[in-house]
Amino acid sequence: MTEMYTTIINYILQTKDSLKEFVKSEVKYDEEIDSWLFVNKPWPVLGIIIVYLLFVMKIGPKMMENRQPYNITNIILVFNFLQFSYNGLLCLWIILTPGIPKYIFTHLCHITNETQHERYLIKCLHTVSWFYFMSKIIDLLDTVFFVLRKKQSHVSFLHVYHHTKMVISCWIHIRFFKSEQAAYGAWLNSSVHIAMYGYYFLAALGPYMQKYLWWKVYVTRLQIAQLFIAVAYMAYLYKYDCTMPRSLAFTVIIDLFAFIYLFMDFYKSAYKEDKLNTKGIADKNNKEDKIDKIDTEDKIKSS
């Protein structure tokens, strides 16, 4: 009995030491970054997520149940334009900061901070990651607008899961891991969001813009393509034991596959329905044309 007790205690102590070693090797702390808004403590972000979920799933639909949809077209136009500009500035920040494009290209795997200039570039990458994290919090307003416009059908599992998970993942990264390579993913995703919010802005201008929005399907394809690119990059970082913590790379790969599955499912259902609707409209038009032709022929015969 004593031997079993000793074995259990030793196992617990070994596990504790392993966890300590894991935290020491994988988790990064930085006094300056940890002092940035929303980074140090989880409670503000957790509070935002809880309020968001309660509103879009319970409070909002109940509040709008016996009300007319709010006319917030102008607010949505401004929001989409600001998001388009915000994501564009994030991309330009990385591209136009002297030294960053070259640093990113030459340090895809291993990050070095041997010179003062390299440390400056790393600080820029972390700053970009923080502003990207802020953009994910702002993205939550997308769902709020759906609820206020009584478009609850748009509040899908994919939509809510995607927005919620992005906020949580970005906070965990910038609080505990602080991997410089995350800024590369932020740049890729922000590039896609430029196209996405550009599309949303044009769509919000009104029905007369619909004929110019034939490229909607390509926005979704772009979103899916970026996920595959991100999986390939994360797999590369994991396989070659790069500077990014392997636990983070593995977790991100799992997340990305979940997103790929959900986006592919959305793509198949959404555009299959569009094709059926288009075919239905075409069949209806053909039928009406045939009826008109028969009516015209009858009129000719009777005259």
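In the predicted model, the axes of H4 and H6 come within 11 Å of each other and cross at roughly 165°. Angles over 145 degrees count as roughly antiparallel, so H4 is roughly antiparallel to H6. H4 passes H6 in a left-handed crossing. H4 also packs with H7, at an angle of about 165° and with the axes 12 Å apart. H4 and H7 are therefore roughly antiparallel to each other, and their crossing is left-handed. H6 in turn packs with H8 at an angle of about 155°, the two axes lying 9 Å apart. That angle makes H6 roughly antiparallel to H8, and H6 passes H8 in a left-handed crossing.

The unreviewed UniProt entry places the feature "transmembrane region" at residues 43-60, 72-96, 130-148, 186-206, 218-236 and 248-267. Two of these spans were examined for secondary structure and end-to-end distance. Residues 186-206 are 90% helix and 0% strand, and the end C-alpha atoms of this span lie 31 Å apart.

Pockets were examined next. The largest pocket has a volume of about 1,200 Å³. Its lining comprises 36 residues, and those nearest the centre of the pocket are Phe146, His154, Tyr200, Lys216 and Phe266. At least two lining residues are supplied by each of helix H4 (73-96), helix H7 (141-148), helix H8 (157-177), helix H9 (182-204), helix H10 (216-239) and helix H11 (246-302). The antiparallel pair H4 and H7 thus contributes to this lining through both of its members. By residue class, the lining of the largest pocket contains 16 nonpolar, 13 polar and seven charged residues.

The second largest pocket has a volume of about 1,000 Å³. It is lined by 40 residues, of which Ala182, Gly185, Ala186, Met234 and Val252 are the closest to its centre. Helices that each supply at least two residues of this lining are H4, helix H5 (100-106), helix H6 (116-139), H8, H9, H10 and H11. The lining of the second largest pocket is made up of 27 nonpolar, 11 polar and two charged residues.

The contributions of individual helices can be read across both pockets. H4, H8, H9, H10 and H11 each supply at least two residues to the lining of the largest pocket, and each of these helices also supplies at least two to that of the second largest pocket. H7 is listed for the largest pocket, while H5 and H6 are listed for the second largest pocket.

Definitions and conventions:
Residues numbered from 1 in each chain as written. Predicted model: local features only at pLDDT ≥ 70, side-chain atom pairs only at ≥ 80, totals over all residues. Heavy atoms only, no water. 1 Å grid on protein atoms, 1.4 Å probe; cavity = no way out; pocket = protein on both sides within 12 Å on 5 of 7 lines; lining within 4 Å. Points joined across faces, edges and corners; volume = space filled by probe spheres on them. Helix = DSSP H or I, 4+ residues; strand = E, 2+ residues; numbered from the N terminus. Nonpolar A, V, L, I, M, F, W, Y, C, P; charged D, E, K, R; others polar. UniProt positions renumbered as here; feature names shortened; annotations may be inferred. Axes fitted to C-alpha atoms, helices over the stretch in contact; angles between N-to-C directions. Parallel < 35°, antiparallel > 145°, perpendicular 65-115°, else oblique. Left-handed = near helix turned anticlockwise from the far one by under 90°.
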